[in-house]
Number of protein chains: 2
Amino acid sequence: MDKEVAVIGVGQTKYGSFPNKGIKDLFIESYLDALANADKGIDPKDIQEAYIGSLQTGGNQLGNMAALMVEQANIPYIPATRVENACASGSFAFRAAVMAIKSGMRDVVIAGGVEKMTDLPRERNRFWLGVSGDVEWERLAGTNFPSIYAMVAMRHMHEHGTTKEQLGMISVKNHANASKNPKAQLRFAVTLEQYMSAGYFAYPFGLFDLCPVTDGASVVILCRGDLAKNYTDKPVWVAGAGSGTDYLAIHDRKDMTRLMAAEVAAQQAYEQAGMKPEDIDFAEVHDCFTIAELISYESLGFAKPGEGGKLIAEGHTQIGGRIPVNVSGGLKAKGHPIGTTGIGQIYEVVNQLRGEAKEPERQVKGAEVALAHNVGGSGGTACVHILKI
Amino acid sequence: MDKEVAVIGVGQTKYGSFPNKGIKDLFIESYLDALANADKGIDPKDIQEAYIGSLQTGGNQLGNMAALMVEQANIPYIPATRVENACASGSFAFRAAVMAIKSGMRDVVIAGGVEKMTDLPRERNRFWLGVSGDVEWERLAGTNFPSIYAMVAMRHMHEHGTTKEQLGMISVKNHANASKNPKAQLRFAVTLEQYMSAGYFAYPFGLFDLCPVTDGASVVILCRGDLAKNYTDKPVWVAGAGSGTDYLAIHDRKDMTRLMAAEVAAQQAYEQAGMKPEDIDFAEVHDCFTIAELISYESLGFAKPGEGGKLIAEGHTQIGGRIPVNVSGGLKAKGHPIGTTGIGQIYEVVNQLRGEAKEPERQVKGAEVALAHNVGGSGGTACVHILKI
């Protein structure tokens with residue numbers, strides 16, 4: 001799919017807790033940011049369709065929210081579709097936009113994500129996040145996502161010798177990266193000592209293994225490859241768009257230390273791009289829990305199966321390393337506004353590829369190819385996108 | 001888009017109240033029905049992707065439900081996306097499947113819809129259905145869909161002289177059609193006298209103006225045009241796939257007697273198909289309330305603006321008339337399992353075009369071109385598809 005689809009503008013709100021902003025405010029802010037980002041300008045009239053990822057955590061506008069978003073953005077009447085695949089809603093919205101353009105039916109499309117999570121009390125948030133695992137066999141049995149991913153982590157430790165310190169290195173790295181990201185939610189560094197001594201949530205997870213609860217929105221604008229020059233001198237190309245699913249309940253999976261949805265998605269994306277893991281210069285991956293980033297190294301072929309712990313321990317995924325991962329701070333420290341996350345990853349990747357990450361220490365130097373890896377729930381769904389300049 | 005995308009198999013559960021069936025049961029039943037429907041057979045391994053429309057009324061599996069459906073259907077790992085645009089979720093899922101094939105990324109794709117509504121007590125159902133209107137300005141002000149559509153009906157009566165009797169004729173027609181449809185929920189005839197004397201829900205609506213609460217699922221299988229002959233000798237072609245949105249709250253619309261989302265969608269579909277309203281042999285339209293069918297006549301160009309009442313009064317939309325509408329019984333009497341409805345319309349249209357409607361009195365004779373019109377909420381979203389043999 002070489003140069004068929006271009007990203008021409010990207011926008012994002014800050015991630016955090018914004019008591020005075022609702023989903024409409026957040027969406028409009030990121031949409032206007034994306035419009036302004038296309039250096040030659042985009043006439044909103046050119047936008048023909050919108051795909052919006054959201055879990056609608058808390059039930060703000062459970063039905064028809066995509067129509068409400070384009071109405072509020074003052075681009076009414078255009079088709080708008082809400083895409084919901086739990087925490088992977090954003091990347092599936094992006095992929096739908098790619099397909100709409102490749103289908104020949106649309107020229108300019110926006111893909112957005114929006115989530116407002118902090119309005120809810122903790123108990124309600126726990127409910128809402130649990131709805132993306134297997135409700136019948138997991139949630140109703142009392143599990144929540146920290147406990148499910150904790151079981152995955154324990155199994156990974158048992159099978160592959162992964163250590164709590166290795167999980168800690170991921171947390172430390174992502175907090176350090178987020179401290180340089182002006183749009184991140186948790187902009188503070190964490191030491192390995194602080195990580196190791198933090199109270200436990202679900203063994204082996206302590207406070208610094210878990211991503212926060214986040215409000216935020218992100219919008220990216222895509223267009224047909226041959227039209228990109230009308231909008232920007234710095235298009236970023238979609239080279240691969242892969243996606244997959246897995247058994248929803250982890251007890252149904254052949255190997256609970258692997259995320260098959262992500263492996264299937266990665267394989268498709270590499271194939272479409274005609275690339276291998278070695279061709280990727282940096283990646284934004286789905287680290288809702290530290291173990292999730294560690295497993296992503298294996299899903300994406302950056303490390304051999306079972307050797308994710310070694311990759312982080314040897315420092316390869318640090319900025320300046322062989323394959324920097326989550327230079328944005330990741331879900332862990334940038335924040336994780338569920339349906340927004342997949343689009344927020346594209347926002348980071350595009351800025352990095354253009355050399356516009358702004359904070360010099362966070363910029364990956366000379367990067368030409370990047371990968372975004374977004375997982376829904378405990379791995380029920382996943383998308384992997386490869387972008388390049 | 002001539003002969004680019006074919007429908008090769010269609011399946012559907014009965015519509016009704018099924019206390020012993022959950023969303024998995026309903027989905028599998030319709031999926032197996034669709035597989036069996038392709039006369040040359042479909043190897044499930046050929047299916048590369050799934051799009052599933054659902055509002056998840058009642059919150060069965062609010063997140064990641066699409067992955068759960070393909071897992072249960074024993075086609076795990078393939079990408080699956082939940083599409084949610086309220087009552088138009090099904091048709092937007094169908095359109096996404098069309099785009100996936102037209103994009104060149106997929107050859108064989110399923111589009112499904114599933115909804116389980118009857119588990120909920122009435123009060124909860126009222127809440128769930130209200131979430132697809134504007135939550136902030138309509139639902140929180142106490143409105144529900146009967147009251148919103150009743151206001152639309154009152155305005156249509158005021159502006160265009162539409163009468164309660166004309167609304168009644170739509171109800172009588174659709175009940176008569178449903179009585180011949182073995183998969184319909186309300187298989188009984190209603191007389192105009194019964195209609196006129198029924199108790200009021202929200203003036204001018206009485207009992208027989210409203211569609212029922214319904215459980216049901218439907219699945220259709222689509223493929224790349226040139227592959228269709230491998231699966232069936234009776235492909236039905238997707239000639240047009242249009243879609244649009246409108247302001248969510250009816251007070252924001254320029255003219256509350258019109259559904260702009262449907263008008264935009266119809267215009268696109270006609271343009272893609274190179275057709276006009278006169279080319280349509282019959283249509284399945286979104287009659288969640290009798291007024292919605294009447295307005296659809298105008299949105300789709302079967303009647304001039306304001307003259308929908310005249311069209312039904314003159315009998316043109318009866319079976320055997322100039323443009324039969326809702327030969328299935330429509331949402332009114334076939335039933336309206338929210339996210340399923342748009343796919344169920346395709347099921348009916350395909351069976352009719354193939355001459356396989358089974359009940360001879362319901363079969364539209366010699367039909368070659370059909371239209372399906374699916375609306376989300378009170379018109380916030382809409383899709384119009386044109387299919388032909």
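H3(B) is followed by Gly104(B), and the phi of Gly104(B) is positive, near 85 degrees. Helices here are DSSP runs of H or I with at least four residues, strands are E runs of at least two, and both are numbered from the N terminus. A word on the model itself. This is a predicted model, where local features need pLDDT of at least 70, side-chain atom pairs count only at pLDDT 80 or more, and totals for chains, interfaces and linings use all residues. Residues are numbered from 1 along each chain as its sequence is written, chains are lettered from A and ligands numbered from 1 in the order in which they are written, and side-chain values use heavy atoms, with hydrogens and water left out.

Back to the helix. H3(B) has 14 residues. From first C-alpha to last, H3(B) reaches 20 Å, close to the expected 20 Å at 1.5 Å a residue. That expected span is 1.5 Å times one less than the number of residues. How many residues of H3(B) are buried? The count is 14 of 14, so H3(B) is mostly covered, where buried means under 20% relative accessible area, exposed means over 50%, and partly exposed lies in between, with a 1.4 Å probe and protein chains only.

Ala86(B) has phi near 55 degrees. Ala86(B) sits in the loop between strand S3 (80-84) and H3 of chain B. Its relative accessible area is 0%, so Ala86(B) is buried. Gln56(B) is not a glycine either, yet its phi is positive, about 50 degrees. Look for Gln56(B) in the loop between strand S2 (49-53) and helix H2 (65-72) of chain B. Gln56(B) is buried too, at 0%.

Next, the cis peptides. In chain A, Tyr203(A) and Pro204(A) are joined by a cis peptide bond, omega about 10 degrees. Pro204(A) is in the loop between strand S5 (200-202) and strand S6 (205-206) of chain A. In chain B, a cis bond joins Tyr203(B) to Pro204(B), with omega about 10 degrees. Pro204(B) lies in the loop between strand S5 (200-202) and strand S6 (205-206) of chain B.

Met154(A), Tyr200(A) and Tyr203(A) make a nonpolar patch of about 340 Å². Patch residues have over 30% relative accessible area and no salt bridge; like charges are joined within 9 Å, and nonpolar side chains (Val, Leu, Ile, Met, Phe, Trp, Tyr) within 5 Å. Areas come from the Shrake-Rupley method with a 1.4 Å probe, and for residues only the protein chains shown count as cover. Met154(A) belongs to helix H5 (residues 145-160) of chain A. At 37%, Met154(A) is partly exposed.

On to charges. Side chains of opposite charge can pair when their charged atoms come close. Over all chains there are 39 salt bridges, each a side-chain nitrogen of Lys or Arg within 4 Å of a carboxyl oxygen of Asp or Glu. Take Asp107(B) and Arg224(B), at 2.9 Å, N to O. That pair links distant parts of the chain, 117 residues apart. Asp107(B) is in the loop between helix H3 (89-102) and strand S4 (108-115), and Arg224(B) is in strand S7 (residues 216-224). Asp107(B) is partly exposed at 23%. Arg224(B) is partly exposed at 30%. Arg224(B) has a salt bridge with Asp226(B) as well, closest N and O atoms 2.8 Å apart. Asp226(B) is partly exposed, at 44%.

A rotation of 180 degrees, with 0.0 Å of shift along the axis, superposes chain A on chain B at RMSD 0.0 Å. In chain A, the C-alpha nearest the axis belongs to Ser103(A), 1.8 Å away. The copies meet through the same surface, because 100% of chain A's interface residues are also interface residues in chain B.

Last stop, Ser132(A). Ser132(A) is in the loop between helix H4 (122-130) and H5 of chain A. At 1%, Ser132(A) is buried. Beyond neighbours within four places in sequence, Ser132(A) has contacts (heavy atoms within 4.5 Å) that include Leu55(A), Ala86(A), Gln61(B) and Asn64(B).

Technical notes
Copies are superposed by least squares on the C-alpha atoms of residues with pLDDT of at least 70 in both.
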